[in-house]
Structures are given as structure tokens and as C-alpha cells.
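Please read the following report alongside the sequence and the model, taking each region in turn.

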Amino acid sequence: MPEPVPEAKPAEADEEDAPPADGENQSTSLSGLFVEKPPENVVAVTGLDVTFVAKVDASTLTRKPTMKWLKGKWLDLGSKAGKHLQFKETYDRNTKIYTYEMKIIKVVAGDAGGYRCEVTAKDKCDSSIFEISVEAAHQEDQADILSAFKRADAGEDEGDLDFSALLKATKKKKKQKEEPEIDVWELLKNAHPSEYEKIAFQYGITDLRGMLKRLKKMKEVQKPSEAFLKRLESCYSVEKGKKIVMSCEVLDPNVQVKWLKNGQEIKPSAKYVMEANGNVRTLTINKANLSDDAAYECVVGEDKCSTEVYVKEPPITITKLMDDYHVVVGERVEFEIEVSEEGAHVMWSFEDQEITKDKDSSKYRFKKDGKKHTLIIQEATLDDAGMYHAWTNGGHTKGELEVEEKELEVLQDIADLTVRATDQAVFKCEVSDDKVTGKWFKDGVEVLPSERIKMTHVGRFHRLVIDDVKPEDAGDYTFVPDGYALSLSAKLNFLEIKIDYVPRQDPPKIHLDTTGNMVSQNTIIVVAGNKLRLDVEITGEPAPTVVWSKGEEAVIATEGRVRVESRKDLSCFVIEGAERADEGNYTICVTNPAGEDKAMLFIKIVDVPDPPENVKCTGVGEDCATIVWEPPKFDGGAPIKGYLMERKKKGSSRWTKLNFDVYEPTTYEAKRMIEGVLYEMRVFAVNSIGLSQPSLNSKPFMPIAPTSEPTRLTVHDVTDSTCSLRWLAPEKIGAGGLDGYVIEYCKEGDTEWVAANTDLWEKQGFVVRGLPVGEKINFRVVAVNIAGRSPPATLSQPVTIREIVEHPKIRLPRELRTKYIRKVGEKINLTIPFQGKPHPIATWLKDGQPVDPKMVNVRNTNVDSILFIRSAEREHSGTYELVLKIENMEDRATINIRVIEKPGPPVNVRVTDVWGFNAALEWEPPKDDGNSEVTGYTIQKADMKTKEWFTVYEHNRRTNCTVSDLIMGNEYMFRVYSENLCGLSEEPRMSKNTAVISKTGLELKQAAYKEKDMACAPKFTQPLVDRSVVAGYSTAISCSVRGFPKPKIVWMKNRMILGEDPKFLMQNNQGVLTLNIRKPSTFDAGKYVCMAVNDLGQDEVECKLDVRVAIEPEKK
């Protein structure tokens, strides 16, 4: 968009308006479009609302104007509309005036600063500048001048960016510490300019230059300068990376000047180039950057002139958006984004509070790595949950942080144990967090480690190992995780061995005790991957033989993953790392001479379920999506309790949980998503054992919403069977774009809408055809995109389908109401608008006959007729008539076209009389006037001796004239040109006779003529002179010579003939010889010789040319 130059303001405003930098092309012209502007200075009160109004006159505009509200130099406020900033636009059709309003809700201190409203319309634009000052509510003291100058458009020299005005209103007000008031105005008044930046940094002033402008207004006006003829412009603007040139004119061309930047003298360098050319002093800044955005001065002695340079910085965009996070309390969080340029400033905020390095350094850390910017939260707490924002001057992104309390899940509980004396007892449990520590208790007393009792913590497993078990070790053992209201308990039973010294025989007996794992009679549940150790007490005299078997197959291995361990009165069946194949019926059989005993067991292996299948998105909204999936094929041997869902942005590796409690249905609606961003989903299945592996990622999907309804639906035309509709695009389109429109209609009173178009219609106008005559029809238009149909735009009342008859009327342009003249060869293109309903029939006639299509091209539309002739000829001249007919009604318009060319020469030019020094001429008009009236004649004379023609009369209207002031004794001939609108005739007509001006009463007696011998050898009458010139400035050396016959001239340099070198120009004017040397260099210095030669001899002269290099005077 073109940036107009602000309108000139009187007195003090001149220095604040910045004209465009030298060489910046302005494609739009500045014009007064505003009929009402916001006031130049507004004082707002903190916490109250303020409204600014601007009105634009659109009566002379061909299209709707575009309004922009800007803060500072380049910050566009249109994209920041929300609760704090509100914009409104209205249009009055009677006065054709647009009214624009900007409302600031609950003004804060960050709203202070300079603002600009800018309106553009095709090739016109206008702008208005105003300033807002913010005062504290109910406070009579002087306002805080420091907060008024902290603005968002400050450059690198003026502090950090301030985006506080872009955030929502502050929820929690913090108490401000009272600080002693310091009069910064007095500090700046009494300080040297070189100390300005130091004072600004010390007192937190970011808009130093705005403050200095006010300081200038407070100072006395200086007297007119006597050292400068032309001062620097009030200000310049330049894009970052481009070159800017500042120039002024001084009174004394030899005076030395100094250039200052913010009060500091600038030294010449490749970046700063200082030039002096006559009275002009120039400072050129190459490859401008933000540090060059400053105040500059040109100093001559005690006098100086100043200006300001504004450096436009391209907006910084965010190339990688922020991801969402889901963590538990105490985890580390890193929000990372990428921007378009290195070194860019990024402002971070939490909800509506800005995060700064000073006050939030204990909780937050900021990290920059090239284009990557990271916000780090060391240990997340519940208070940190919420929405985090990252802002640049050209972009915004946000990410949500969800923090949940740590919930410890018990994956394997402690089992009761029954052991014998001197055996080993092992209590083992597994929890979900491998970092959790805990303590073991026995009957409420903490168990301390010893040589016999050991406690271990490896990953998620906690073990208590008791060696050489004793009777006093029996009791209740409890494991309590640190930091959780949770405890795991189990009982240790001591098995006493009684020795019976009476020899006897007892039948074998199996004593099963599977209380910890038994879920039903003789059924043991084992989690896949865990270890099963089944200790079975065996009694009987003598000692029985034990056989374990699975089905019909006996288990006899004593080593390996599945094995049998035998001890006295105890048989142990062990499965290491249980697998699904281990599930089945197991039998233990004990025999001795006294009998047999048998027990049946069913071991069930349970596992986490398989992942869900076919995860897909079935529908999307503006910020939501509907996800469906199928249950897993294998439930792990335990019923599915529900599902957990996660989502992530495509291209990111960070997954975010969507639910914390298990979700039973297989359809889920994900919310709080960002429109226009691609997402992927995955689902976990949950049973009593644990969490399955994640499902395959769904296909990427994008939350999008239908557009808003089309706007300004109107009826353009109605016939007996058609209705032409027009409308404008929806105000809100969104990320889904706009695929087209559907036009529907229904009869008044009906509810069934009929689509008028089968395919989507992309244009913003449509003709509905095949409508019944005389019916009242309702029409509506619906916008369609990938998300579906928008709300319809409906006409306020039905339309009666009946054509309105309108008499034909030709609107002949004003310039065609008189004779239309064109030259031969020119193009003729006539557009004649007309009106009438139904569509009239247009016919062209020439001189009463239909036009020849081979000579004239005619194209007719519903609203105009075009007559086109590519190259006009004389035969195209004539009277053209346009006939417009509608049934028995017609209208006519006549156009007289004349094609002209140059006339022919006059006829019969003759001298009719001669007297004294006069001669009378007469002629007749030309036979061909070029189809245009002859407007005059041009008469020329020529002496028969020299035959050089001289004009005597121009634009002579008569066909005769008298030529006077002829020279006695000469004979003259004459010629005449004819002239019309195209100009003079191609050829003149010569006079048939001549005019002799004879001498009367005198007789010349000529003496005998004696011819004088003029021959002589060349002789230089003026020699060459030695010269000393400055390199780069053109010079010339001259001399003069005489001789007859005319001598040949040869120029030489160091005795080398100068040929056709374009650097040397040789001239000979009546014997004066000149050699011009264009921009000589030191190479052109030397001895130059000019030689003149003819048949009688030769002569030469020489000189020395010295070329010196200009030495620039030393700059103080």
C-alpha cells in the first residue's frame, strides 16, 4: 500500500511530519478525503473508554475506500481487534459518507503514543495523525511522563518492544511501589545532547525521540539561519537495508560542516559517506538498519539544522507455531517457536500478563538460538496451567499448558507370603513412577536395613528381602510411597515345622494357599511379563513324589523359564516372565505308598490390550473435531475400561492429552483447537492391567468452519422469466476458504427451496432462469466451503417476476454531438451507451444505408454499441446513424464523422506585377482540400543566385499577396504551400514566372577586373597557450590560422596523430581551430601540436597540457 506524505501543518507540526526518503516513488496522490478527523491531541483517563471518529467523503470515489488505524509508525491495529480495541464502520447512502470509529475499552498506560488513521481508494489517499496522552484517574498532579512514552514502535535505540496494549485487560492489579518523582524535563533541558540516551535508559524512556520533539516545542524558537541557504528536510524515511541521502545547502561553498547522530559526531566510513559539491552538503547512509533510526544534525560553526530518520523494519513473522503441553506437577516445560529473522524481539505472555526477565526470572527462563526462541518453565505448578502467547510485530501464536497432580498407579500389589524358618521372604511391588521413593513398615514401625533385611529400588520396582526368616519376622508389612496418600500391605506368615518322632504312615496331602492371586476357585491370574511362583505345601509319610503337568504334558524341568523346584515338604512351580502361551489348566499330583492326592489349577495370563484400530476424523468445526475408532481386537484378557486420547499438530513431536479419566464410548469430540492448523490423533485402550500401545495416527485433519453469510444481496434485473442477483463475499471466510455459492429460490408461501445452479458458482452474480411469469419468488444465496454451507443471505421481500418495459434511450456522449474529425490512418472507436427494457436491438446506418461490415466493425451489448474502424480512410467520412428499437418504439442518434488529410498544392501560382521593390502574386485554391477547409497558405521566396528559400507569409488566408523589401538587381522565384487542420501540403506549387527587380536611372560602368592572387602558405596568427586543468573537468585549447587554398588541419599529441577518438572534438570555424577534450585524466597530459598543411607549405604550433588531480580539503 502506498504511504502518503502527511499534510503540511503550521509552525511546530512541520518538524514532526516525515516526508518520504529521496528516491521513494509515490504511486498515490495525496488528496483531502477526510471530512472529519480525530482531534490532534487527546487526553484519556485510565480505566475509562475513549472513541475516535473519522469521516470520509465517497461521492467522488469509484470504489469503497479502505481505512487503516495504525499505532506508531507501522503497527496495524486492525488485526488486534478484541475486547480492548473495537472498530466500527457505517455508511450513509444519502450523503455518501463513510464513518469509521475506533474505541479503546478501559484505557491503560500502554495506550499512550502517536496514532495515524489512513484511508486509500484506488489512486487517492489521505491520512491524519493524532496523539493520545494517558492520565491517572482522579489525580491532580502532573501525569507520569515516563509511561506516556513507552510505546510499541520503538527502535533498537529506544528500548524493548511494548505489546501490553495488544493483550486483554489485566485481571489482577498489582500494587505499584511509590517512587520519588523526578523532573525528567529539567534533566533533558540542562543535559548535553550526547547524554540524552543515557538519561532515557536510566529512567526507562523508550520513546526518547517523541520526548525530544516535545522538548523542542518548550524551547524558544531560534532565529533564521544565516549559514544555510536550504535546510535539511524535517524528516526522512527509509526501508531497512536500503540507502538514504540527506542534503542541505550552505551559504559559503568553502565552509566545513560536521554531521552529528544523536549528538555524536559521525566519522566517514563505508556506511556513512559525506560529500561536498559546491554549496551542497550531502550525507549518505548505506544499508540502513534500526540503529540508524535517530536524529541527525549538520553543524556549521555555531549554527545547525536537524532532521530525523525513520527506518522501516519489515514485520517479523512466526514460521513455527507453539505446541500444546500436558505435564504433571514438577515437570519441565519448553515452549519453542521459530521466527522469520534472527535477532528478532519476541514478547511472551501468560494469559493477559506479560512475562519479563526481571520480575519472573526465578520461574521462567528465556533462550534464543538463531531464529528459535524458547520459554522454559523449570518446574510446572498447578498455577502455571493456562494459555501462553508469543508476539512479534508481525505475528502471534499460542499454546496451552495443562498441569495435573501426580497420581501414582499401582501396577503390582504386594502378595501375602508364607515361609518356613531359615527361608527367604521377598515382598515386591510395582508403581507407575520410577522416581518415587518410599518406606517399609512392619506392624506400623519403620523397617530399617540390616545384614538380614535389605530394601532395594530399581526403576518402578520396590523390594523388601528378609533372609533367614525367624518367627518374630511374622506380621503385617506395609510400603508407603513418599508424597502420596497411598499404602500397600501384605502379611508374612511363619510356617512352623513340627517333628513327630512316632513313626507312622500318612497319605499325601496338597495344601494350596493362593489367596493373593486367586480370583475364583482354583484360578490364578498372572499379569503378562510378571513372575509366578506357586509354593505348594506337601505333607505325607513317607515323603510323597510330586508331578506337575500342563494338560497331558508333564513339567519336569528344574531350570529355565518354566520350572519346578522341590524342597522338603514344599513344591514350587515357577514361571519367569509369563506369556500368553502359558495360560491353561495345570495339575499337581502327589503319591506315596499310603495314597495319592491331586489338585487342578487354571492359570490365566492377562495383559494390556491391543491398540484401537481405524482412528479417523468424521467431522470438523471451527475449533473442534469428531473422532471415531474401533475397539482393539484383543482386550488383553480383561474387559476394556475405556480409552485415552491424545492429539498433536502435524509436524510436531509433542502430544497433548485430551482426557484424564478413561472415556468409554468410541466417539469423541475434541475441542479447543486452532482453526486452520493440521492435527493428528491417536487413542490408547485401558483395561485393569494398564495402557495399550498407541493406535496408528489418524490422517491429518484441519478444524475449519463454514463462512459467514454473503453480504449485500440485491436484485440487479428482472425479466418475464429471469432474475439477475448480485452480492458481495462473506465478511468472515476463515481458513477453509470459499469454494463457491449456491443460489436457491422458492415461491412465496412454500418452504421447499430449489437450487438454481447444479455446480458451485464462483462469481458474485447470477441469473436465475426459467421462472414463472407473475409469481412472487423468494431468493437466497449460500456460501460453501469444505466445512459445509454458510447461513443463507435472503432478500427482505419476494420478487415479482415481470419485466419492466423501458423506452429505448440513446445517451450520446457530449463530444459526439458535434462533428467528429479524425485524420487518415487514425483509429476510430466510438462507444454509445443506451438503455431500455427488454434489451433493445441496435442498428448502424451510413448515409441512410446499412454499414458495410467489411469497412466498419460493430459490436452490440445489452447496454452499449461500439463502432470501430482500425485505420480511418477518406471514404469512411459520412453521416452515421444509430437506430435503437424495442418492438414499435425506437430512438435515433446521428454522428457526423469526417476523415481528413493534408491538402494538395495550390494551382496556377504566378507573378502578376512587379514595381519598385515589390512583387504581386496570385494563385487558385488546391483541387484537393484533404476533406477539410483550407485555413491558409504559406509563401516563400528565393534569390535566383543563392536559391535559398525564406518564408514571407504564414497562414495567409487570401489567394494573393504582395511581397515587399526585395533587393534591387536580383531575380526572385516563389512557391506556395496550402494548409488545413492536418498541416501544410506535402509539396509546394512553384510560380510559373519570376520577378526581376531592375535598377532605374543608374548605369554601372564596371572597371576592368583584375583578379588578385590570394595564394599563401599556412601561417598561425594566434598560437596555442600552455594550460593546467583539473582531472574530470572538460577543457579546450584554441589557435587561429590563415592560408589559401584552405589548409588541412592535423592535431597531434606527443607527435601521435589524434584519430577519430570520441574523447577529442576538433572544430574549424573560419580559421579558428579548437580542440575540445572531454573529462581529461592524467593520461591525457602531454605536448599537443596543431599542424596546418596546403600545397604552398605548412606551419605548426604547440603547447603543454598539465592535468592535476583534485585534492579534497581536510575536514576538521
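## The surroundings of N931

The side chain of N931 makes a polar contact of 3.0 Å with the side chain of S877, where a polar contact is a pair of N or O atoms within 3.5 Å, of which, within protein, one must be able to donate a hydrogen and the other to accept it, and where residues adjacent in sequence count only if both atoms are side-chain atoms. A polar atom of the N931 side chain also lies 2.9 Å from the backbone oxygen of V899. This is a predicted model, in which local features need pLDDT of at least 70 and side-chain atom pairs count only at pLDDT 80 or more, while totals for chains, interfaces and linings use all residues. Residues are numbered from 1 along each chain as its sequence is written, and side-chain values use heavy atoms, with hydrogens and water left out.

N931 is placed in the loop between β73 (918-924) and β74 (936-943); strands here are DSSP runs (E, at least two residues), numbered from the N terminus. With a relative accessibility of 24%, N931 counts as partly exposed, the class between buried (under 20% relative accessible area) and exposed (over 50%), computed with a 1.4 Å probe on protein chains only. Leaving aside residues up to four places away in sequence, N931 touches R874, S877, R898, V899 and I900, contact meaning heavy atoms within 4.5 Å. The C-alpha atom of N931 is separated by 6.8 Å from that of E901, although the two residues are 30 apart along the chain.

## E646 and strand β50

Is E646 buried or exposed? Its relative accessible area is 11%, so E646 is buried, and it lies in strand β50 (residues 640-649). The side chains of E646 and R682 are joined by a polar contact of 2.8 Å. R682 is also one of the residues that E646 touches when those up to four places away in sequence are not counted, the others being W655, T656, K657, L658, E680, M681 and F684.

W655 takes part in a further arrangement, since the charged end of K648 sits over its ring at 5.4 Å from the centre; a charge sits over a ring if NZ of Lys or CZ of Arg is within 6 Å of the ring centre and within 35 degrees of the ring normal. Elsewhere, the charged end of R975 sits over the ring of W949, 4.2 Å from its centre.

## Aromatic pairs

Rings of Phe, Tyr and Trp (its six-membered ring) pair if their centres lie within 6.5 Å, with planes under 30 degrees apart counted as stacked, over 60 as edge-to-face and the rest as tilted; by this rule there are 19 aromatic pairs. The rings of W629 and Y643 have centres 5.4 Å apart and planes at 70°, so this pair is edge-to-face. Because W629 lies in strand β49 (residues 625-630) and Y643 in strand β50, the pair ties together parts that are 14 residues apart in sequence, and both W629 and Y643 are buried.

Y745 and F779 form a tilted pair, 6.3 Å from centre to centre and with 45° between the planes. Y745 belongs to strand β56 (residues 740-747) and F779 to strand β59 (residues 776-785), so the pair ties together parts that are 34 residues apart in sequence. Both Y745 and F779 are buried. Ring pairs also link F52, W69, Y115 and F130 into a cluster.

Terms used. Helices (H or I, at least four residues) and strands (E, at least two) are DSSP runs, numbered from the N terminus.
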